[in-house]
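The following exercises are intended for a reader who meets this structure for the first time. Each task is followed by a solution in steps.

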Amino acid sequence: MIDGKTVIALLGQPNSGKSTLFNGLTGMKQHVGNWPGKTVEKKEGSFFRNGKEYIVADLPGTYSLSANSDEEIITRDYIASGKADVVCILADSSQLERSMFMLSDYAGIEVPCFLVLNLADVAEDQGKKINADALQKKLSIPVVLLSATDNKSYDGLYKCLDEALKEKTVLNADSLISEYSQIEGFDELKGLIPAGIISGYSTNWLAAKAIEGDKIVRDKLSQALSGSDKTKYESIISNTDKGALKTGESKFKWIDGLLDGVVNRVETKPVFGKFDKAITDKRWGKLVVILVVIGGLIGSFIPALPLMGVGMAISALIPPVSSAMTSAGAPALLTGIVCNVLLQSLAFIVQMLGFVFGVTLVFGMLEEIGVMARISYVFDNTMGKLGLQGKSVMPFLVSFGCTMGGAAGARVIDNWGQKVLTIALAWAVPCGAAWSIIPMLSTMFFGPGAVLVIIIILLVMILHMWVTAKVFGAKLVPASERYGMIMELPPYHKPKWSALLRYVFGRTKDTFLRVIKVVIPICAVFWLLSYSTGSVEESILYKIGTAIEPVTKVFGLNWQLFMAYVASSVGKEGAVGVLSALYSGTGTVFGAVTGANASVDNLNQLLLSNIAKPEALAFMMAVTFNVPCIVAIAATYQETHSAKWTGLIAAYYTVVSLLLACIAYHIGLLIW
Amino acid sequence: MSLSNMSKGAEGIISSINGDTRFLSRITSIGLTPGCKVKIIKNDKNRPILLYSRDTMIALNKDECDNIMVNTEVAS
C-alpha cells in the first residue's frame, strides 16, 4: 500500500509481454525513475478502477530471482519488502513450460500473487488449448488467459486481481517442495534455517537458494548460524555441487506435472523465415542489419519532421520577437535573454527532439517486433570484444546522424553498465553536425586531400572507441559481469501501435523536460560569457581566450579557433559560424553557435589567410572528437541517470579531443 | 558430444551441463536442463549457436556451449 493505494508488481521473463501489459494497464500515467541507490530503471504507473487508484510497479525483466545481477536482486528485494500488495506473475502461453520458470522460482515467497498466461492468442494459433481453471486448482492462486495486446480481454485479469487481493492467495508449492526434498541435503538444510530469518521468504525458498549457490542467501545464513548448526550447514554446502542445475531440474519436473491435463502438448516447430535466414546469414547478416538500421533512420525522419518544423518555426520567431521587444523599449539584456537564450535553445532542442522521437519509435518498434534480438545475435561477437551486447551496434550507427538519438537508442540495452559504456563510445562517432562542417573545412584547406582527412577521422574514431572501451569498460562492465550470450530470439510479433505511441510520446516528453533543464542554464552561461554590446573584445570569452592563448597554442589552437572549439561543445554545426564571426568581426558569437547568423561571403579567404594547415587539422580533430553537443550531453544524463558518469565522460572527451588536436598539430608541423 | 560440435539440423538430449553457479542458474532459467531436447538451427563460425528447445529459439555463446553435453543417439 502507498497512501491507501493498492500496489501491483508485474513479474515476468523478458518477452512475456510484460511491458505491453504495463502499457495496457496504465496508459499515459507512467513515470520512469530509478530504484533507490541503484542505476536500474524503475517504471511505475497507475490506473483508476471503480473509483480506486492502483499503482503498477513494472519490475525489471529478468529470467529468475537469483542474485546474479542488480536487476534480479532489486526484483526479489522489492517483492520481499512487502511494498506490493499483490504480485502479477506473467508466463507466455505459447512457451508455457519454459516461461513458467519464473513462477517456480517464486514458489516459497508468501506475498499474494496471481498468474497471467499472456499471449493466449498465439498459443491458440499453435493449436494449444489451456485449461486455466485446472491450473488454478493446482496452484491455489487465480490464473487467467490473456492477450495483453487486446484491451477487451482485461476483464478476466481484473477479476483475478480482485480475488487475489481479497483472498490473499499464496502460491501452493507443496509438490515442488517434495521435488526439492529429493535433492541431497535439502531437507537437512531446511531444518537448520530459523523461520523468518529474512523476512518475506519461507525456509523452503531460502533452502533452495542456498542449494543453488545464491551468494546473498548463503552469506546471510552463514552469519545467522553458529556452533554445531553452522558446521552442519557448511558441510552440506560444501557437498552440494551444481545445485542450480538440481533445483532447475526439480522446477521443470514440477512444471511438467502441473501442465499434465492442463494443456495439450503440441510439438511446435521452429519458425525460421526468409528474413531470419537473411539477417542471420554468415556473410550478409551484418549488411542486412546496417540496411535495416539505415532504413529505420530514414523512416524515423518522417515522424520527426513535424517536430523539426516546430523547431524551425520557433527559430523564425526570433527576429520578429527581437524587433518587437526592442521597439517596445525592452532593455537589450532582456531581449537578449528571451531571444538568444530561451527561444534559441528551445528551437535547438525541439529540432533535435524530433530525431529522438523518431529513433525511440523506430527502435521501440524493432524491439517489439523481435528484430532487435536478431541484431544482438549478429553483432554479439564484434561488440563482445568491447564488452558490449550486440544491440550496441544500433546506437553507434544512429550516432552518425545524431548523438542524442544514439543516446536515446541505447535504452534498448538492459544492463546499465553496458548502456553507459555504449553511450560513452557512441560519443566518439562523428555526428551529422560534424559531417556538415568537416568535409567543407578539409576541402577548403587540403583540396583532394580531404578524402584522406576523412579516412583518418574514421580510423581515429575506431581507435578512440577501442581505447575508451578499455578506459571505462573495466569499471562499467567488470570482467566478472562479462558473459556470453544466453538469449531468447522471440517469434515476431505485431507491434501494438497505440501503446507504443503512448510510450514514445511519454519518453519524448520526459527527455524534453530533462534536457531543457540542463540546456537552458548552460546556454545562458555561454551567452553571458560571449555577451557584448559592440565588438567581440568586450566579451568575457574573448578575455579568457586571449589570456590562455599561450596554452591553447600548444594544441595548435589560437584564441579564435579555441573559442570556436569551446562553442562546438554547445553545437558542432556552429563552429564555422563562430570562426566567421570572429575573423570578420560581424554577428555575435552566440548567434553563430546556434546558427542564427549566416557566414560571411569571403569566409574561404578569411580562413585560408588566417589559419595554417597544421592548425586547421588540429581544429578539425578537436571539434570532431569534442563532446557531441549540450543536448546530447543532457540526453546522456537522462538515459544514464548519473550526473557523475555524464560529467566524467564529458571531461574525458574534452581532454582526449585536445590531446588529439595536439598530436595532429605537431604531426602537421612536421609535414608542412 | 558437446553442443558446440553439433551441426545444423542435429537433435539430441542434454546429458550434462558444467559451469559456475552463475552460468548454471542462467542456463536453467532460460529452460535448458539435463534431459531436455534440443535441435540445432544454426551453428556458424564466430556466431552464437541457435537452437530450439521447449518451444523457444535460443542463442547461446559458443564458448559456453562447450560445457553442455548432448546425447545425440537417443533422439528420434
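**Exercise 1. Determine the strand order of the open sheet of six strands, and its edge strands.**

Solution. Step 1: the order is E8(A)-E4(B)-E3(B)-E2(B)-E1(B)-E5(B), and the pairing is antiparallel. Helices (H or I, at least four residues) and strands (E, at least two) are DSSP runs, numbered from the N terminus; two strands pair if DSSP finds at least two bridges between them. Step 2: the edges are E8 of chain A and strand E5 (68–71) of chain B, each of which pairs on one side only. Step 3: from one strand to the next, the twist averages 40°; angles run from 0 to 180 degrees between N-to-C directions, and axes are lines fitted to C-alpha atoms, for helices over the stretch in contact.

The model is predicted: local features need pLDDT of at least 70, side-chain atom pairs count only at pLDDT 80 or more, and totals for chains, interfaces and linings use all residues. Residues are numbered from 1 along each chain as its sequence is written, while chains are lettered from A and ligands numbered from 1 in the order in which they are written.

**Exercise 2. Identify the bridge partner of Glu488(A) in E4(B), and the residue of E4(B) that Leu51(B) stands opposite.**

Solution. Step 1: strand E8 (residues 486–488) of chain A pairs with E4(B) in the antiparallel sense, over three bridges. Step 2: in this pairing, Glu488(A) has Ile58(B) as its bridge partner. Step 3: strand E3 (residues 49–53) of chain B also runs antiparallel to E4(B), joined to it by five bridges. Step 4: Leu51(B) stands opposite Ile58(B).

**Exercise 3. Describe the side of chain B that touches chain A by its elements and residue classes.**

Solution. Step 1: 31 residues of chain B are in contact with 31 residues of chain A, where contact requires the C-beta atoms, placed from the backbone, to lie within 7 Å. Step 2: the elements of chain B that give two or more residues to this side are helix H1 (21–29), strand E2 (37–42), strand E4 (56–60) and helix H2 (62–65). Step 3: H1(B) gives the most, with eight residues. Step 4: by class, this side of chain B has 12 nonpolar, nine polar and 10 charged residues. Here Ala, Val, Leu, Ile, Met, Phe, Trp, Tyr, Cys and Pro count as nonpolar, Asp, Glu, Lys and Arg as charged, and the others, Gly among them, as polar.

**Exercise 4. State whether Asn46(B) and Asp55(B) are buried or exposed.**

Solution. Step 1: a residue is buried if 20 or more other C-beta atoms lie within 10 Å of its own, exposed if 12 or fewer, and partly exposed in between, with C-beta atoms placed from the backbone. Step 2: Asn46(B), in the loop between E2 and E3 of chain B, is exposed because it has 9 other C-beta atoms within 10 Å. Step 3: Asp55(B), in the loop between E3 and E4 of chain B, is buried because it has 23 other C-beta atoms within 10 Å. Step 4: phi is positive at Asn46(B), near 60°, and at Asp55(B), about 65°. Most residues other than glycine have a negative phi.

**Exercise 5. Find how many residues of helix H32 (residues 630–640) of chain A are buried, and what covers them.**

Solution. Step 1: 11 of the 11 residues of H32(A) are buried, among them Ile630(A), Tyr637(A) and Glu639(A). Step 2: the cover includes helix H16 (332–369), helix H20 (403–409), helix H21 (416–426), helix H24 (497–529) and helix H33 (643–671) of chain A. Step 3: His641(A) follows H32(A) and has a positive phi, near 55°.

**Exercise 6. Give the angle and axis distance at which helix H27 (residues 559–568) and helix H28 (residues 575–584) of chain A pack.**

Solution. Step 1: the angle is about 145°, and the axes are 8 Å apart. Step 2: residues of H27(A) including Met563(A) and Ala567(A) meet residues of H28(A) including Val578(A) and Leu582(A). Step 3: this contact has eight nonpolar, two polar and no charged residues.

**Exercise 7. State the helix and strand content of each chain.**

Solution. Step 2: chain A has 33 helices and eight strands. Step 3: 49% of the 76 residues of chain B count as buried, and 51% of the 672 residues of chain A do.

Conventions. Contact = placed C-beta atoms within 7 Å.
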